[in-house]
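Reader: Could you walk me through this model, starting with its pocket?

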Amino acid sequence: MTRRRVGPVLAVLVAGALGCSTATPPAPPASATPASDDGVPASVQPTADPSSGRTSTHFPTASLRGPRDRPSVPAAPDLAGAYRFVSAPDFLNQDVADLAADGRRTYVVKGTGEVANSTNEAYETALDTVIDEMASHGTRDVLVPGDLVEGRWGRDDARTGVFGPVRTQAQRLRAWRRAADVYYPAWFERFDDHGLTTYPAVGDHEMGDDPWRVKRGHAWVDFKRRHIPQFKQIFADQALSGSDGRPRFAERPERGPARHTAYSVRLDPDVLLVTLDVFERRDGDVHISVDRAQLRWLRSVLRKARKDDVPWVMVQAHTPMPGKVRVRNSTHLVYEKGRASELWRTMVDGGVDVYLSGEVHDQTVRSRDGILEVSHGSLFYRGEASYLVGQATADRLVLENHQFRGEVGFEDRLWTTSRQGAPGHISYPDASVVTGTLAATRTRSGGLRVDDAAGVLTPRG
């Protein structure tokens, strides 16, 4: 299916229509929940405020002190005959789609005459630029450890009715399904158009974004917590099923709450990827943990990998393990109990080499208990898009972090279901720069040795 682009006539929803001031508003936090948005204050506030009183505002590089400010380093060496992959968690962490495409009913904002939309020509051009570059590295495979979408669905803060009424729980779920039917296909279509195959994991934004419980009653938060199983099924239907509706991956748990969202796949004779679902509803809340059925399944997968002598075993899940990592505009969810958890011990005992995670919108590598923990990713809509390029042979692994330095304008906003719309202008005029590299070797005893590293991929203890 050919992606439809939008022209100026489908302009973005302006800030005034979202109930904001007509003055240029401050940049919203990303994964952080906006103050009073869910009945709780944001745990992480934006580090930069682009408001300047001008009609058009862009992030000045000097004010960010984030991923895009890190110095470049020499590129990693090319491994002859290596399997190559890209990893890009938190891409997009945003709802971007043409709401006026495919004969869909449009919604005009009273007072402005503008069509409420979740994309424009600038976004489509910027997305093409970034995904084109991902595809230029000789790979067809893109790993995405969570947060494909913004996912704050089942709400309609501007009262537009774009996805229908949201007064009752049943209405909210119908609105959620309608939003999923728009935003997920648009996300996958962009990668399909570039000949790329994606391997996604579920993130907190696929579950409606944290939190899932507040001290006082909150209808939408209560709705999210109650409907985690439905959200997982919708994600599986949209992201992990083929055109015939059947699961894309045969190797997955036979039972348990992650039976549709966890899977393993042999990407290459030298690389096994195991994707975990770390969002478990229990005790009346949502925990960052792996359920017991999924853990048993993981043990069996790792036993088989060891029996088959798979050179490199990689696990991807959305949240990092506890410990010091760089964090950018994130509530910084971490896996419960960390290295004391059964999951960590299972990965150590099972011979996992690399644990790929997102959530923190920045890059850090830690080397602990023989596992390289790679927390990575950045936010496209903040002009900070990044991705990791991996190369693997039977005895060598090379990682390289690519960082873009884009331009973002908050003179207007894209429409979203939640009250803070995304910036209306974004561009990526230049190619990415390499800000980190890592080269590792398989030792004779079967361990992993880091031979060289630079920049943001230099391991911490």
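This is a predicted model: local features need pLDDT of at least 70, side-chain atom pairs count only at pLDDT 80 or more; totals for chains, interfaces and linings use all residues.

Reader: Which element gives the most to the lining of the largest pocket?

Author: The largest pocket holds about 340 Å³ of space and is lined by 21 residues. Two elements give two or more residues to that lining, α5 (292–307) and α6 (342–349). With three residues, the element that gives the most is α5.

Reader: Which class of residue has eleven members in the lining of the largest pocket?

Author: Nearest the pocket's centre lie Val 310, Gly 351, Asp 353, Arg 442 and Gly 446. Across the lining, five residues are polar and five are charged. The class with eleven is nonpolar.

Reader: How many of the eight residues of helix α3 are buried, and why is the helix largely enclosed?

Author: Buried here means under 20% relative accessible area, and Trp 220, Val 221, Asp 222, Phe 223, Lys 224 and Arg 225 are the residues of α3 that qualify. Their cover includes α2 (169–193), α4 (228–239), β6 (279–282) and β7 (285–288). Helix α3 (residues 219–226) is largely enclosed by the rest of the structure because its buried residues number six.

Reader: Which strands stand at the edges of the open sheet of seven strands?

Author: The pairing is mixed, and the order reads β3-β2-β1-β12-β13-β16-β17. A strand with a single partner has one side left without a neighbour in the sheet, so the edges are β3 (197–200) and β17 (448–455).

Reader: Which residue of β12 stands opposite Tyr 83?

Author: Strands β1 (residues 83–87) and β12 (residues 386–392) pair in the antiparallel sense, over five bridges. Opposite Tyr 83 stands Ala 392.

Note on methods:
Residues are numbered from 1 along each chain as its sequence is written. Side-chain values use heavy atoms; hydrogens and water are left out. On a 1 Å grid over the protein atoms alone, a cavity is a set of points where a 1.4 Å probe fits but cannot get out, and a pocket is an open set with protein on both sides within 12 Å along at least five of seven lines; lining residues have an atom within 4 Å of a point. Grid points are joined across faces, edges and corners, and a volume is the space filled by probe spheres set on the points. Helices (H or I, at least four residues) and strands (E, at least two) are DSSP runs, numbered from the N terminus. Ala, Val, Leu, Ile, Met, Phe, Trp, Tyr, Cys and Pro count as nonpolar, Asp, Glu, Lys and Arg as charged, and the others, Gly among them, as polar. Buried means under 20% relative accessible area, exposed over 50%, partly exposed in between (1.4 Å probe, protein chains only). Contact means heavy atoms within 4.5 Å. Two strands pair if DSSP finds at least two bridges between them.
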